[in-house]
Amino acid sequence: MKDIIKNLVDVGFSKVEAQVYASLISVDKMGGYQIAKLTGISRPSVYSALESLLAKGCVTSIPGNTIEYRAVSPEILFDEMSSSFAASCQKAKKCLESLKAPFFSNHEFSNIEGKENLIRNVNRVIHLAQKEIIMNCTMPLDFFAEELKLAENRGVRIVLFTWADIQFKDIKIEFYSGYSENSQCADERIFVVSDFAHCVVGSNERKDYIAHGKDTEKLPNGEKDFFGMISDNRLMVNLVTEHIHFDIYLNRLKQKHKKNLVTKDIQIQTMMEKGL
């Protein structure tokens, strides 16, 4: 019952409304006194909730010596609520369209905290694309599959490079992979550039992780472990785009020459190379 009440509250019922509606679902009809006795809620609160539920069309009243109430079938009620909510969203969208600021403005950088926020912003950048999306991703593509499919349907070219054993289906992607069992990527990262104009980057926290060391462990990937940045700053867009291109170039050269061309004699002994 707790899950039912929570779900009803999540879609806009007050807690008392949720309890009253749930109590009516399993019976044909019931009066306010009976509902109060069954739920343990005070009669004034029950009657106030019933009036609100009547106004919302969630219950119907049955006249008689004592008014009784019947819950509207969930199949009918929630289909109506879904349609009404969708229509309201469209109206609000049209009304607010003229007031909105650009998604990107003044070439600013915006920080992203949290996994859900990172996923949301990646999908927003994908949604903006009209010509080309290039990605370096080791996160599951399921997070972005819907927007990528919509982009494909718009005729957008999608280029993906990954260091992970990543899976995708039903999406037309130009796929490049540097993954091998001997080459592990410890963090979940994503770089996306949309139309060479907007970019977003992010990964799970890596302050205790030596990026290029020999001994790597998978990092935590919960909601609070992810951080990132979104921008349309020209320099940042260029840097992210170049990074993805160079990963693809190096991997293709490795495949062409059947060996790793970045050997010790051309390395420059930086902290990154040493894993410090």
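I am working from a predicted model, where local features need pLDDT of at least 70, side-chain atom pairs count only at pLDDT 80 or more, and totals for chains, interfaces and linings use all residues. Residues are numbered from 1 along each chain as its sequence is written, and side-chain values use heavy atoms, without hydrogens or water.

**Helix α6**

I looked up α6, residues 115-128. Helices are DSSP runs of H or I with at least four residues, strands are runs of E with at least two, and both are numbered from the N terminus. α6 has 14 residues and reaches 20 Å from first C-alpha to last, close to the expected 20 Å (1.5 Å times one less than the number of residues).

I then checked burial (buried is under 20% relative accessible area, exposed over 50%, partly exposed in between, with a 1.4 Å probe and protein chains only). Buried residues of α6 include Leu118, Ile119, Val122 and Val125. The general rule is that an α-helix has 3.6 residues a turn, so residues three or four places apart point the same way. The buried residues of α6 pack against β4, β5, α7, β8, β9 and β10.

**Isoleucine 266**

I found isoleucine 266 in the loop between α8 (234-257) and α9 (271-274). Isoleucine 266 is partly exposed, at 48% relative accessible area.

**The sheet**

I traced an open sheet of 3 strands, in the order β1-β3-β2, with antiparallel pairing (pairing takes at least two DSSP bridges). β1 (30-31) and β2 (59-62) are the edge strands, each pairing on one side only. β2 and β3 (68-71) share 4 bridges. Threonine 60 stands opposite arginine 70 in β3.

Definitions and conventions: Contact means heavy atoms within 4.5 Å.
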